[in-house]
Amino acid sequence: MGVEGIGARVARKEDKRFLTGKGRYTDDMVVPGMKYGYFVRSPHAHAKIKGIDVSAARSMPGVIDVLDGKQLLADGIGNLICGWMIHSKDGSPMKMGAWRPLAVDTVRYVGDAVAIVVADSLNEARDAAEAVVVDYEELPAVSEAVDALKAGAPQVHPEAPSNLIFDWELGDAGPTDKAISEAAHITEIEIHNNRLSPNAMEPRAALGIYDAGEDHYTCYTTSQNPHVARLVMSAFYNVAPENKLRVIAPDVGGGFGSKIYIYPEEVVCLWASKKTGVPVKWTADRTEAFLADAHGRDHVSTVKMAFDKDNRIIGLKVDTICNLGAYMSLFSSAVPTYLYATLLSGQYDIPAIHANVRTVYTNTAPVDAYRGAGRPEATYLLERTMETAARELGISPAELRRKNFIRSFPHQTPVIMNYDAGDYEASLSAAMQAADWNGFAARKAEAAGRGMKRGIGMSCYIEACGIAPSQAVGSLGAGVGLWESAEVRVNAVGTVEVLTGSHSHGQGHETTFAQLVADRLGVPIDSVSVLHGDTDKVQMGMGTYGSRSGAVGMSAVVKALDKVEAKAKKIAAHQMEADESDIIIENGELKVAGTDKTLPWFQVALAAYTAHNLPSGMEPGLKETAFYDPSNFTFPAGCYICEVEVDPETGKTEIVQFVAADDFGNIINPMIVEGQVHGGIAQGIGQALLEGVQYDENGQLLTASYMDYTMPRADDLPSFKLSHQNTPCPNNPLGIKGCGEAGAIGSPPAVMNAITDAIGNNMLTMPATPQKVWMAAQATH
């Protein structure tokens with residue numbers, strides 16, 4: 001490990017421009033002739049569009065044009081798609097309802113876009129949008145998934161009778177039912193996983209530019225995967241041929257999954273630019289974000305966990321109803337299936353598991369991946385059930401977990417996953433020691449003396465990251481491969497450019513990817529540049545989500561570096577008249593081992609480009625590309641412990657201690673990893689205590705601003721105690737597992753287990769607001 005290489009706590013290179021206001025976000029982009037778009041959105045959750053009158057709006061000052069869904073349809077722009085095919089257990093394909101970028105006949109949720117106004121200024125566009133008259137025939141709406149399945153519920157899409165998208169299963173029902181029938185104890189619980197709004201710091205934005213002279217389109221967008229956006233908009237939405245479409249995702253201010261997808265706005269801005277002859281920029285305001293960004297979570301599940309007489313789990317049966325909103329978003333079908341049910345074994349050796357998942361349309365915003373995407377839902381279900389079982393069995397929750405841990409690897413679960421490596425006991429022990437678990441009784445007694453209720457809860461999570469390999473996910477229904485690409489360019493003076501198909505929106509890639517190069521080639525980190533986010537500059541890549549940038553993206557960089565290093569060693573060996581196998585790279589030099597012969601790195605790079613003295617038959621240059629397709633998922637895991645105090649008079653919960661012990665495999669930059677964990681825990685605490693999207697029975701969004709949707713603030717959070725246990729991943733060249741989602745996965749059940757322990761009532765759902773906690777506490781009296 002060098003001062004700047006792998007394992008070093010290097011300050012993030014990119015933060016200088018962010019902290020000094022020099023970041024370049026989509027909304028910062030200004031091009032000649034640019035105009036502003038503003039969307040007319042439905043105020044109804046469900047309605048027929050009987051007519052749209054734009055005449056008054058078109059005549060208003062500054063208005064270039066007002067465009068609607070019928071025009072977009074006439075120009076051949078296609079429907080938005082879901083990119084992961086799921087089949088029901090009867091073999092029938094999922095029922096994908098039509099999603100038009102601008103609604104033509106029917107709106108299906110509050111915020112569904114029906115028209116776009118293009119004007120000289122944002123204020124003029126907004127004023128004109130208010131003058132657009134849409135004649136709606138309001139229809140009955142349904143907002144809850146359980147209600148949507150009831151007989152007589154309003155029908156959201158004609159393609160999906162009874163609003164059922166698919167009825168899917170995983171595992172073996174026979175052995176699971178047998179285990180339950182023979183159990184010495186069965187824990188049964190209903191689990192609600194609340195709906196969340198992603199709330200990235202930067203709202204979504206799009207700038208569509210059509211160049212008539214070149215017949216070429218450019219889209220600036222807040223995307224986590226610009227290459228996939230380009231592919232989908234060209235191949236499926238018919239916006240433009242792929243070779244005539246450039247997608248640029250510049251600096252992106254957070255994504256959390258919500259910026260993976262291709263939304264209507266990008267499509268419409270590109271189309272509107274060609275239609276009007278001017279560049280069109282749209283930036284969401286915060287209310288639009290609440291209305292139209294893809295939401296996350298929203299599961300209702302019933303669970304049966306069966307134990308034998310020795311308190312070992314012998315079977316797990318789960319039935320889940322998942323709300324996917326009004327339309328199927330790009331990866332929505334994968335979240336409650338292959339990203340959720342496949343993780344229901346958790347860290348435990350469970351011989352029989354069966355999960356049944358029904359996904360449902362409702363008149364609410366589409367639901368898709370949100371930080372963790374299926375893994376938080378699985379962990380919450382499993383860890384709330386484990387804690388409940390421990391209480392029912394009268395044993396320590398730590399001991400119940402220990403008794404059931406997987407201890408031999410690789411381990412094949414009954415739900416597809418093959419865990420490659422781990423040491424769950426190590427994380428549990430580290431967390432318990434850091435939390436002073438054995439001293440809790442004394443702290444509880446002290447709190448009681450002050451009239452406070454103190455509780456402690458734990459959560460042992462596992463997640464699957466770096467989704468792969470492509471052949472496997474393709475067989476499961478994925479519409480794309482999940483490999484990654486990289487190009488390493490060594491310039492003639494020895495500086496290095498890394499072009500990656502991964503995308504950074506807060507993860508620190510410009511630093512960590514540079515650390516990897518610095519470690520391998522012995523060059524200063526400041527001599528390494530990392531480029532991403534532009535489909536004209538970077539070869540095809542799959543973007544960033546699912547904690548894949550290290551395990552998959554950096555592995556592609558390693559493969560490219562292997563080729564660069566091999567060529568550099570050949571050049572050095574030739575010039576120093578040595579055997580290639582004797583060349584080592586160290587401290588920015590290529591050396592002949594055991595001698596004093598050396599060549600500076602820059603001199604080898606220069607030799608590659610002057611080409612005056614290269615080995616016979618070698619091409620000039622020092623630039624290599626690579627594609628990396630993982631052989632398996634990676635499996636980060638850990639144990640979180642939360643300690644709370646609850647005021648029984650008000651129901652207010654204070655988190656007095658939070659401990660996180662994670663196993664992320666090898667770590668490139670511990671400081672960046674700690675920041676990722678901090679952010680994830682904050683979001684998980686937000687879900688547990690504060691956050692929740694709420695619709696009324698008519699499908700009206702009740703939480704469309706920060707006055708109604710509560711976000712965690714600094715004084716809601718304690719200082720976190722973090723530690724790291726390392727079992728390197730054996731299936732990628734760096735031994736990396738991934739860290740970006742762990743905090744959001746492991747923290748909600750730890751918090752809820754602590755609160756329910758404090759108040760002595762297990763019947764509590766997220767978010768555990770003071771009112772809900774107070775009512776649950778009163779119910780125990």
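Tutor: Two strands count as paired if DSSP finds at least two bridges between them. Helices (H or I, at least four residues) and strands (E, at least two) are DSSP runs, numbered from the N terminus. The model here is predicted, so local features need pLDDT of at least 70 and side-chain atom pairs count only at pLDDT 80 or more, while totals for chains, interfaces and linings use all residues. Residues are numbered from 1 along each chain as its sequence is written, and side-chain values use heavy atoms, with hydrogens and water left out.

Student: Which residue in E10 is the bridge partner of Asp-211?

Tutor: Strands of a sheet pair through backbone hydrogen bonds, either parallel or antiparallel. Here, Asp-211 has His-216 of E10 as its bridge partner. The two strands involved, E9 (residues 205-211) and E10 (residues 216-221), are antiparallel and share 6 bridges.

Student: In what order do the 7 strands of the open sheet run?

Tutor: The order is E3-E5-E1-E12-E9-E10-E11, and the pairing is mixed. E3 (63-68) and E11 (245-248) are the edge strands; each has a single partner, so one side of each is left without a neighbour in the sheet. From one strand to the next, the twist averages 20 degrees.

Student: Which strands does helix H7 touch?

Tutor: H7 (residues 226-235) packs on this sheet and touches E10 and E11, with its direction at about 150 degrees to that of E11. Contact means heavy atoms within 4.5 Å; axes are lines fitted to C-alpha atoms, for helices over the stretch in contact, and angles run from 0 to 180 degrees between N-to-C directions. Helix H8 (residues 264-276) lies across E1 (35-41), E3, E5 (113-119), E9, E10, E11 and E12 (280-283), and runs at about 30 degrees to E9.

Student: What is the strand order in the open sheet of 5 strands?

Tutor: That sheet reads E7-E15-E14-E13-E8, again with mixed pairing. Its edges are E7 (164-171) and E8 (185-193), each with a single partner strand, so one side of each has no neighbour in the sheet. The twist averages 10 degrees from one strand to the next. E8 and E13 (residues 299-307) run antiparallel, joined by 9 bridges, and His-185 has Phe-307 of E13 as its bridge partner. Helix H6 (residues 173-181) lies across E7, E8, E13, E14 (313-323) and E15 (353-360), at about 120 degrees to E14.

Student: Is Ala-373 buried or exposed?

Tutor: Relative accessible area (1.4 Å probe, protein chains only) sets the classes: buried is under 20%, exposed over 50%, partly exposed in between. Ala-373 has a relative accessible area of 6%, so Ala-373 is buried. Its phi is near 50 degrees, a positive value in a residue other than glycine, and Ala-373 is found in the loop between E15 and H10 (375-393).

Student: What is the phi of Ala-611?

Tutor: Phi of Ala-611 is near 60 degrees, also positive in a residue other than glycine. Ala-611 sits in the loop between H17 (601-610) and E25 (623-628) and is partly exposed, at 32% relative accessible area.
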